Amino acid sequence: MLDTPFYIACLKLRGRRSLVVGGGDVGLEKVEGLLACDGDVTVVAPDLQPELRRLADEGSIEWIARKYEPSDLEGTFMVIAATNDSEVNIGVYDDAEKRAMLVNVVDVPPLCNFILPAIVRTGPLAIAISTAGASPALAKRMKHEISQLFGEEYARLAIILNDARGWAKATLPTYQDRKEFFESIVNGAPDPIELIRAGDERAVLDIVAAAQRTHAPA
Ligand SMILES: C[C@@]1(CC(=O)O)C2=NC(=C\c3[nH]c(c(CCC(=O)O)c3CC(=O)O)Cc3[nH]c(c(CC(=O)O)c3CCC(=O)O)/C=C3\N/C(=C\2)[C@@H](CCC(=O)O)[C@]3(C)CC(=O)O)/[C@H]1CCC(=O)O
Ligand SMILES: NC(=O)c1ccc[n+]([C@@H]2O[C@H](COP(=O)([O-])OP(=O)(O)OC[C@H]3O[C@@H](n4cnc5c(N)ncnc54)[C@H](O)[C@@H]3O)[C@@H](O)[C@H]2O)c1
């Protein structure tokens, strides 16, 4: 797969149906990842492991209690296959490809039109690490190292800057003006990340207010 240049995107799952085929531990792991992004999750499997059964009982997921059928893909945005039956996994991949749908068969790269990266998530920040399948173990190690580098302070700064986006769009007339405004804060001195790390978020808000005064049209 090293010759495959993957296009990295951030998918919006809320309000969209995602299907997981297979109700074992691997299915659970995939369901948890989809629920964390507010997906509408359906699992099709004759049986569910206990935690999946609990999620179905409490209504967090829909359970179709039988073997997979191609019609399960109707109205579905994405399918992840996690069964212990290769024939079934191949069938899911073929059916999904016919529909030009997103499909991932767990740990079977030739049966994926998207693969899952390791993710460092803090508030609105998500850093994805992919090795194009070369080494998931290495992606996992990098995830731990990157999480040490980019912690809570970056998430806080992202939220503070997001709060200023409405003002910038309403007040600063051009893309260039808005770019200069945001970059003056992000890359300015004093360093807003250092200030948040030192517990002085107030100073960052002051920097934003000062930049608003400097950049606003006369
Ligand atoms: C990142 C992560 C995300 C996730 O799964 O959500 C993920 N695998 C994770 C863990 C992991 N997977 C494996 C190990 C054992 C050590 C090792 O093999 O390195 C570990 C480590 C562990 O379990 O601790 C085995 C494995 N995985 C694949 C194969 C097939 C092959 O090599 O042919 C085999 C061999 C199976 C065998 O030997 O039988 C294939 C894929 N696994 C991918 C993703 C995609 C490529 C990601 C990339 O671009 O690097 C891809 C291509 C398709 C896909 O599944 O999407 C998640 C990290 C969780 C975290 O974040 O902590
Ligand atoms: N458990 C792990 O840590 C692990 C790690 C890497 C790879 N795998 C592989 O991933 C696969 C899934 O692992 P698991 O531990 O979740 O397996 P599992 O055996 O616990 O679960 C498999 C699930 O697939 C369902 N299934 C079988 N045929 C089906 C069909 N026709 N339609 C719908 N559902 C069907 C079963 O009912 C069951 O719920 C296995 O092939 C396993 O070898 C597992």
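This briefing describes the domains, the strands and the ligand surroundings of one structure. The model is predicted, so local features need pLDDT of at least 70 and side-chain atom pairs count only at pLDDT 80 or more, while totals for chains, interfaces and linings use all residues. Residues are numbered from 1 along each chain as its sequence is written, and chains are lettered from A and ligands numbered from 1 in the order in which they are written.

**Domains**
- An automatic or database domain assignment divides the protein into domain 1 (1-116) and domain 2 (152-215), and their centres, taken over C-alpha atoms, are separated by 40 Å.

**Strands** (helices, H or I, of at least four residues and strands, E, of at least two are DSSP runs, numbered from the N terminus)
- Strand S2 (residues 40-44) is largely enclosed by the rest of the structure, because 4 of its 5 residues are buried, that is, have 20 or more other C-beta atoms, placed from the backbone, within 10 Å of their own.
- Strands S1 (residues 17-21) and S2 run parallel and are joined by 5 bridges, where pairing requires that DSSP finds at least two bridges; Ser-18 has Val-41 in S2 as its bridge partner.
- S2 also runs parallel to strand S3 (residues 62-64), with 3 bridges between them, and Thr-42 has Glu-62 in S3 as its bridge partner.

**Ligands** (a residue is near a molecule if its C-beta atom, placed from the backbone, lies within 6 Å of it)
- Around ligand 1 there are 19 residues, and those that come nearest include Ala-118 and Ser-130; helix H4 (residues 136-149) supplies the largest share of this shell, 5 residues.
- Around ligand 2 there are 20 residues, with Gly-22 and Tyr-68 among those that come nearest, and helix H1 (residues 25-35) gives the most to the shell, 3 residues.

Terms used
Buried ≥ 20, exposed ≤ 12 C-beta atoms within 10 Å, placed from the backbone.
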